[in-house]
Each structure stands twice: as C-alpha cells, then as structure tokens.
Amino acid sequence: MLSAKAAIAPRALLLTAFDQLLEPERFKDYGPNGLQVEGKAEVRKIVSGVTASLALIEAAVAAQADAIFVHHGLFWRGQDGRVTGWMKQRLRLLLAHDINLYAYHLPLDAHPELGNNAQLGMRLGLKADRWFGENQLGFLGSRSGAEDGFDSAEQLAAHIKNALNRPVALVGPAQSAVKNIAWCTGGAQGYFEDAIAAGADAFITGEISEPQAHYAREMGVAFIACGHHASERYGAPAVAAHVAAQFGLAHEFIDIDNPA
C-alpha cells in the first residue's frame, strides 16, 4: 500500500519535467511524445516499462500507479485511429483507473545519459565518443578500459549475450577483431550503413532485416541483433526514476517479458 504521506506532484508538472529532460521538440518522430492519455491530476507513484501493453497496464493497476512512463506508447503515425480491439482494451483500463500515460520514443533513445542507447552502452561496458545518423541517434565508441576492444565479433556477441541474458544473432566476420563499436537500440537496422560509413567494426541493435545480412558479409562489418525489447529495457526506468526522485515520488519498473 502507498503511504498516506507520500509526496505528490501535479500531472502537468511531471509533463514539464519529462519534456525539459528529453526535449521532444528536437525530433521528427513516428508518433506523439509526452502525455498520451490524461489521468488523475495528482501523481504519487510512477510505473515505468518498455511498452504500453495491456499486461503492463494491468500490472500498473495492481501496483497502484497514478502514471505510467514508457518508450512505446499507444499512438503512431499511420494508425487506423479507431478505438477497437486491443486499443479499446488498453484505453478502457487506463481510463477506468484514471492513470496517466507518458510516452517518449526517439527522445528517450537519444538522451546522452539516461536514454536507451546510453544505458545499453553502460550495461555492455561501452563508451561513446562520437554520434552518427539522423538526429545523432547512433552511438559510436569502444570498450571501456580496454584499449584493444574485443578479440573477435564472436567474443563481443558472447559478452552481449551474458550481459542481457538472452541469445543474440551475429552476422558477418565473426573472427575479426573489434575496436570501433556502433550501437542504436530497438529497430535501428536502417542505421547500419551509417555505422559502416562512420568507421564501425561492429554494429549492435535490436533487430536485423534481410538486407543487413548481406551488407555485413559484403562490407566485413559484424551485425549483432540482441532483441528489440532487450535492448530497450533500460531508458524508461532510468528517466522515470530520475524524475520521480526530483519530486520524491514512488517509482517501480515492471518488465513485461518479450522475446522480440
């Protein structure tokens, strides 16, 4: 149960704090960033997660959350727009329990310290010193404290597998040494050519599509896909915890397992 003395923050003030931290106005995104569903005016507890799925919303209700903060929200450009099926189920639960839904997509990827890319780099022991691609979303750097990097892409892939506790897919020169490492979380396979142009020996992202397998083999640059969800588990709780601490609010990260 929440304490009767728990700190309270106005919904609008939380939105301002998230916006000031993540600067969504800098990005041309695939959907609306910020407050996607309006709930109660005062917030005591924030639940963070990767995606605003029905399972996360149900877990947030059980956790007595007043707000949910996610990377993947409900609304995307080109959506049908009708409130039926899965959309109805998610909205029904949010509205029935008066829960605010905050969602930030590209701004959450890009934040230099708390974002998905920065947080994944920290967990993999990678340090960025350059950025590439649209909105400078791609990170490029090297292994922290290891001047020579990894002896092979296979060794890097094993390191990622251990760090994220899930299988990874490696395509390209498995036995070539890796010093310059590029990464961009989620479905950033389209950044691979930019990573190659920036001088990467290996590129890490969540997903791989058919063309990237050929590019990796032909260009001699390793491509490592470690899972969309797995690569983006860290930004939302980092940002939500940071903002919750500013206001003295309770925060809980709930990770809904996703094999993708």
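This is a predicted model: local features need pLDDT of at least 70, side-chain atom pairs count only at pLDDT 80 or more; totals for chains, interfaces and linings use all residues.
Tryptophan 131 stands opposite phenylalanine 139, a residue of strand S8.

**Helix H1**

A positive phi also turns up just after helix H1, where glutamate 23 takes a value of about 50°. H1 itself runs over residues 11–22. How far apart are the end C-alpha atoms of H1? They are 17 Å apart, and this agrees with the 16 Å that its twelve residues should span at 1.5 Å a residue.

The helix has a buried side, made up of Arg11, Leu14, Ala17, Phe18, Leu21 and Leu22. Because these residues cover an arc of only 120° around the axis, they sit on the same side of H1.

**Cysteines**

How many disulfides does the model have? The count comes to zero. Cysteine 184 is in no disulfide, and the nearest cysteine sulfur to its own belongs to cysteine 226, 11 Å away. Seen from the other end, the sulfur of cysteine 226 has that of cysteine 184 as its closest cysteine sulfur, and 11 Å is too far for a bond, because a disulfide calls for sulfur atoms within 2.5 Å.

Are these two cysteines buried or exposed? Cysteine 184 counts as buried because its relative accessibility is 4%, and cysteine 226 counts as buried because its value is 0%. The cut-off for buried is under 20%. Here are the two side by side:

| Cysteine | Relative accessibility | Class |
|---|---|---|
| Cysteine 184 | 4% | buried |
| Cysteine 226 | 0% | buried |

**The largest pocket**

Finally, a look at open space in the model. The largest pocket holds about 370 Å³. Its lining comprises 20 residues, and those closest to the pocket centre are Tyr30, His105, Leu106, Asp109 and Gly187. Which elements supply at least two residues each to this lining? Strand S5 (67–72) and helix H4 (106–110) both do.

Technical notes
Residues are numbered from 1 along each chain as its sequence is written. Side-chain values use heavy atoms; hydrogens and water are left out. Two strands pair if DSSP finds at least two bridges between them. Helices (H or I, at least four residues) and strands (E, at least two) are DSSP runs, numbered from the N terminus. Buried means under 20% relative accessible area, exposed over 50%, partly exposed in between (1.4 Å probe, protein chains only). The expected span of a helix is 1.5 Å times one less than its number of residues. The arc is that of the directions from the helix axis to the C-beta atoms. On a 1 Å grid over the protein atoms alone, a cavity is a set of points where a 1.4 Å probe fits but cannot get out, and a pocket is an open set with protein on both sides within 12 Å along at least five of seven lines; lining residues have an atom within 4 Å of a point. Grid points are joined across faces, edges and corners, and a volume is the space filled by probe spheres set on the points.
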